[in-house]
Amino acid sequence: MTTPPNRCLILACGNTLREDDGVGPWLADWAQEHFGNQPEIRVLSRHQWTPDLVEDIAAVQSVLFIDCTIDSAPGQVILAPVEPASAMPRMLTHHLNASDLLALSRDLYGSQPRHARLLSVGAASLHIHEGLSDVVTASLPKAISCIETTLQSWLQGC
Amino acid sequence: MSQTITIDPVTRLEGHGKITIQLNAQGEVQDAHFHVTQVRGFERFSEGRPFYEMPSLMARICGICPVSHLIASAKACEAIMSVRIPHTAAQLRRMLNLAQMVQSHALSFFYLSSPDLLLGMDADPKVRHIFGVVEARPELGRAGVALRRFGQHIIELLGDKRIHPGWVIPGGVTEPLTPAKRDEILGMIPEAYANIKLALSWYKQIADSFKPEVEVFANFPSLFLGLINEDESVEFTDGALRLISATGNILADGITAQEFTQVIGEAVEPYSYTKFAYYKPLGYPDGSYRVGPLARLNIAKSMGTPLADAELVEFKQLASGPVQGSFYYHHARLIDILYGIEKIEQILSDPLILDKHVRATAGVNRLEGAGQAEAPRGTLMHNYKVDENGKITWANLVIATGQNNNAMNRGVLQAARHYIKDGKFSEGILNRVEAVVRTFDPCLSCSTHALGQMPLHLSLVSADGKVIDQAIR
């Protein structure tokens, strides 16, 4: 019996030792708990997004990236489409962003997901500390709702 | 008037370093240094911790080669416990260490160095990176990504995490291997073979075009050190140390971890946070030596696996004695990868590999212990002292990058003197000087933890060049 291919990939990034940077892993844990038994969905959580993840991305129809950001207001949840980067970074060892990964997927494997979105949560604090700040904790229901509706629409083929 | 050229930071390395090249009034290179500018402090802040915490603490030194630190640290702890770990645990650790070597070498060769090798040392820096490689030779890019993934996935399967797996503990490993995981790893082997064969074939096609670089990229006689088995084959996880001279004579052999410090000393230089290891009988710097892929192949008589053995025969034809050119670290790295894949396949066919006895237990039976292993970049040694309660009272780590430190500095000077004439240099020349350092694949995160042991010289210099204050400690 062969394993059915995953249609959707949830790919989170973050460090749980740096306070709100842990929001990605937190949401990945939540997704694994709620969708982990669905063969169409795969959840991965990493400290960094590295090039070896590209093969996983190239193999799915939809990818939802989850990360924290310092470019938004603390606790602000934004769900936005992601396009492949037009220019790649010069350095490549430790970390790529969602656009870089999509571009690398296209260039290396000639394949990229039909749907790609980035769910970002604005960080209030990135100090060395385990646990999320109050403002980011308060934003979790909205982030969870984004994950649920996004996956639902992708799995229904919308 | 003298002039100093600074390359800061040196790119495509693990960590942050700086190179300074000092020119004299005639514009000739007078001196050159590779500076490691980070400082860590792991040896000091481990003091007071229970010894059994050391593997997981020490693994945090590095996100690229945490497995080597886990293994060397666990072995040091086992020396304190006076235990011999079960055969299956030793085999599983060996496989984990080899998987890490494969993924780390893939990072070094494909991500960091292949842009120079494929696109040329003088290529526009805007395209001289891994994405340039992907564009020019996508199959090579895919091979690099896949080999790194191969190693990382084995680490994840065995240790449950790609980075800082907690599976290796003093006494063995926490969990035995399951049949499903064994079969999954075996299923990845054919693709890994295809990828490394592609890389080796490609490297051999382009290697001749780098003969000028071979001549001046840290190409000089030196000693070589590494682990080998009793049958003189390459070993990454157990075995004992062999040190050979520049002509291939064995200077020291069968050195155990407990004997390491009797043979190897560490010097400090004011311009780097990384220590400089040397062979004590010859003193510093005459006793400086090289470790890592080139050293492993130079000290061993065989790899111990058929495909890698065939490659080793070809490799040894590059010179009548030990291969001295550090450019050949790249070639040796690919042979290491091939060996790693073969050895992992061999280990998985061990009839005891699924055995459930994977851990020995004991308390403190000695007040000092040392462990050694081959990290991707070379030999790694951990040495601890504990009190009667097992709390660490002293720790010392001798890291591959520190052992290659003198050779890297000599190599930078050699290349700078060759390429820089009349004070004139181009971007391509500076890239070549950097590329000398990249052949060693130094891991600066690992190598910098000598805070409190090295002299620091701080000079306050006025605008007209006069030293108006200084502090030395």
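Which residues touch the most other members of the largest nonpolar core? The points below start there.

1. **Basis.** This is a predicted model; local features need pLDDT of at least 70, side-chain atom pairs count only at pLDDT 80 or more, and totals for chains, interfaces and linings use all residues. Residues are numbered from 1 along each chain as written, chains are lettered from A and ligands numbered from 1 in written order, and side-chain values use heavy atoms, without hydrogens and water.

2. **Largest core.** A:Phe65, B:Met95 and B:Ile344 touch the most other members of the largest nonpolar core, which has 150 residues. A nonpolar core is a set of buried Ala, Val, Leu, Ile, Met, Phe, Trp, Tyr and Cys residues joined through side-chain atoms within 4.5 Å. Buried means under 20% relative accessible area, exposed over 50%, and partly exposed in between (1.4 Å probe, protein chains only). Helix α4(B) gives this core its largest share, 16 residues.

3. Neighbours within four places in sequence aside, the contacts of A:Phe65 include A:Leu11, A:Trp49, A:Ile57, A:Val82 and A:Arg117. Contact means heavy atoms within 4.5 Å. Another core, of 27 residues, lies apart from the largest one; among its members are A:Ala28, A:Ala31, A:Val136 and A:Ala143.

4. **Chain B overall.** Chain B has 16 helices and 16 strands. These are DSSP runs, numbered from the N terminus: helices are H or I with at least four residues, strands E with at least two. Of the 473 residues in chain B, 62% are buried. Among its contacts with a separation of 6 or more, 70% join residues 24 or more positions apart.

5. **α4(B) against α6(B).** The axes of α4 (residues 87-119) and α6 (residues 138-159) of chain B come within 8 Å and cross at roughly 155 degrees. The pair is therefore roughly antiparallel. Axes are lines fitted to C-alpha atoms, for helices over the stretch in contact, and angles run from 0 to 180 degrees between N-to-C directions. Angles under 35 degrees count as roughly parallel, over 145 as roughly antiparallel, 65 to 115 as roughly perpendicular and the rest as oblique. The crossing is left-handed: the near helix is turned anticlockwise from the far one by less than a right angle, whereas clockwise would be right-handed. B:Met95 of α4(B) is one of the contact residues, and B:Phe150 is among those of α6(B). The contact residues comprise 17 nonpolar, five polar and one charged. Here Ala, Val, Leu, Ile, Met, Phe, Trp, Tyr, Cys and Pro count as nonpolar, Asp, Glu, Lys and Arg as charged, and the others, Gly among them, as polar.

6. **α14(B) against α15(B).** The axes of α14 (residues 405-419) of chain B and α15(B) come within 9 Å and also cross at roughly 155 degrees. This pair is roughly antiparallel, with a right-handed crossing. Residues including B:Met408 and B:Tyr419 in α14(B) meet residues including B:Arg432 and B:Phe440 in α15(B). The classes are 11 nonpolar, one polar and one charged.

7. Most residues other than glycine have a negative phi, and most peptide bonds are trans. B:Ala218 has a positive phi of about 45 degrees. B:Ala218 sits in the loop between α8 (211-216) and β6 (223-228) and is buried at 0% relative accessibility. B:Asp441 has a positive phi near 50 degrees. B:Asp441 lies in the loop between α15 (427-440) and α16 (444-447) and is buried at 4%. The peptide bond joining B:Tyr284 and B:Pro285 is cis, with omega about 5 degrees. B:Pro285 is in the loop between β10 (276-279) and β11 (289-290).
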